[in-house]
Amino acid sequence: MEYEIKLSGTPFDDGSVDLDQLEVIAQHLHNIARGALQMRMFGSSYKRGRETEQIARALKIRLRGLSPGSTILHLECQPFRETLRNVQGSLFQQAILEKLPEETPVSLVMESFHDALNPEQSGELLDKYLLKDLQSFKKALVNEAQTIQFSNRGSLPDLQLRLSDFNRLKNIEEQTPNPQPVVISGVVEELKFSKAKVAFIPDQGRPITGFLGETVSASEIAGFWGEKVTIRGTAHFRPSGQMAFVEIMKVALASQGDAYFSRPVIRETVAQQLERQLAARKSSGNKLSQFIGILADAEGDYETDLKMLSE
């Protein structure tokens, strides 16, 4: 698929581009696309593990040429149905995964910016790490006068960025709760040994995803399959205040006194609570929506466990 990035507003935008600026654009496009892909597949843009050859190919964006009209970069990238084979995502994220085959690295970048800059969006596909990646893209702008516009012939709304837009991104990132220590009880529902990831179900609230920290081994957590456990670790949050995932530091069988901890921690402002309650009323018939956010697998080695896009 073809996209255009238009640089305009300065005398430098004359049909050419400085190589340093081109390098910045390329690097940050890749970082944002990678984080956005992970958000859709696994519920978090948290970067752990090396990037595999398959993911590197899927995120490849080619510069096909430059043209005047200010400066227009002509980009090309393939949809994920062509580049990600044998991919399996979370059952509870099926609605997202059904759309993903038609997405591309650049479309994910555009959607992530739109989600972050549109106050009507819930930010469900954003987290603190992805918001930081979005903010870093401001390095591609040389001054206050320059704008960067993304387009792809109308299949997505055009995206126009100025330096002032990154102030809003910074505010959202700062309003996103910082990671914090938590204690949560729930039943171990899913375990991926090679990826050090576990999903568990609390008595109240939606399922929770956890990554094993350095102090917890996969063999240790395996012994708790199907059991109710109490997990101690660090919670990471979405801009909405909803918990994204937990980095697990300690795990043990839950005791009767741990029932108090059987629901996820939420760090919402009053305005966020009201917005969530209104959204819940509107989507009360959609049982799938409450589960979005579960990770299908951890980042790192995608190739051996993902089964989705080729069919």
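## A loop residue to start

Asn-143 lies in the loop between helix 6 and strand 4 (147–151). Helices (H or I, at least four residues) and strands (E, at least two) are DSSP runs, numbered from the N terminus. Asn-143 is partly exposed, with a relative accessible area of 28%. Buried means under 20% relative accessible area, exposed over 50%, and partly exposed in between (1.4 Å probe, protein chains only).

Leaving aside neighbours within four places in sequence, Asn-143 is in contact with Thr-10 and Leu-163. Contact means heavy atoms within 4.5 Å. The C-alpha atoms of Asn-143 and Leu-163 are separated by 7.5 Å, and the two residues are 20 residues apart along the chain.

## The model and its make-up

This is a predicted model: local features need pLDDT of at least 70, side-chain atom pairs count only at pLDDT 80 or more, and totals for chains, interfaces and linings use all residues. Residues are numbered from 1 along each chain as its sequence is written, and side-chain values use heavy atoms, with hydrogens and water left out.

The protein has 9 helices and 10 strands. Of its 311 residues, 49% count as buried. Take the contacts with a separation of 6 or more: residues 24 or more positions apart account for 73% of them.

## Helix 1 against helix 6

Helix 1 (residues 19–42) packs on helix 6 (residues 128–136) at an angle of about 160 degrees, with the axes 9 Å apart. That makes helix 1 roughly antiparallel to helix 6. Axes are lines fitted to C-alpha atoms, for helices over the stretch in contact, and angles run from 0 to 180 degrees between N-to-C directions. Angles under 35 degrees count as roughly parallel, over 145 as roughly antiparallel, 65 to 115 as roughly perpendicular and the rest as oblique.

From helix 1, His-28, Asn-31, Ile-32, Gly-35, Ala-36 and Met-39 meet Leu-130, Asp-133, Leu-134 and Ser-136 of helix 6. The residues of this contact divide into 5 nonpolar, 4 polar and 1 charged. Here Ala, Val, Leu, Ile, Met, Phe, Trp, Tyr, Cys and Pro count as nonpolar, Asp, Glu, Lys and Arg as charged, and the others, Gly among them, as polar.

## Helix 6 against helix 7

Helix 6 also meets helix 7 (residues 165–175); their axes come within 9 Å and cross at roughly 160 degrees. That makes helix 6 roughly antiparallel to helix 7. Helix 6 gives Lys-128, Leu-131, Lys-132, Leu-134 and Gln-135 to the contact, and helix 7 gives Phe-166, Leu-169, Lys-170, Ile-172, Glu-173 and Glu-174. By class, there are 5 nonpolar, 1 polar and 5 charged residues.

## Two nonpolar cores

The largest nonpolar core has 43 residues. Ile-5, Leu-37, Phe-113, Phe-137 and Phe-150 have the most contacts inside it. Helix 1 gives the most to this core, with 9 residues. A nonpolar core is a set of buried Ala, Val, Leu, Ile, Met, Phe, Trp, Tyr and Cys residues joined through side-chain atoms within 4.5 Å. Beyond four places in sequence, Leu-37 is in contact with Ile-55, Leu-59, Phe-80, Leu-84, Leu-100 and Leu-108.

A second, separate core has 19 residues, including Val-198, Ile-208, Ile-221 and Ala-235. Val-198 is found in strand 7 (residues 197–201). Val-198 is buried, with a relative accessible area of 0%. Beyond four places in sequence, its contacts include Val-188, Ile-208, Ile-221 and Ile-248. The C-alpha atoms of Val-198 and Ile-248 are separated by 9.2 Å, and these residues are 50 residues apart along the chain.
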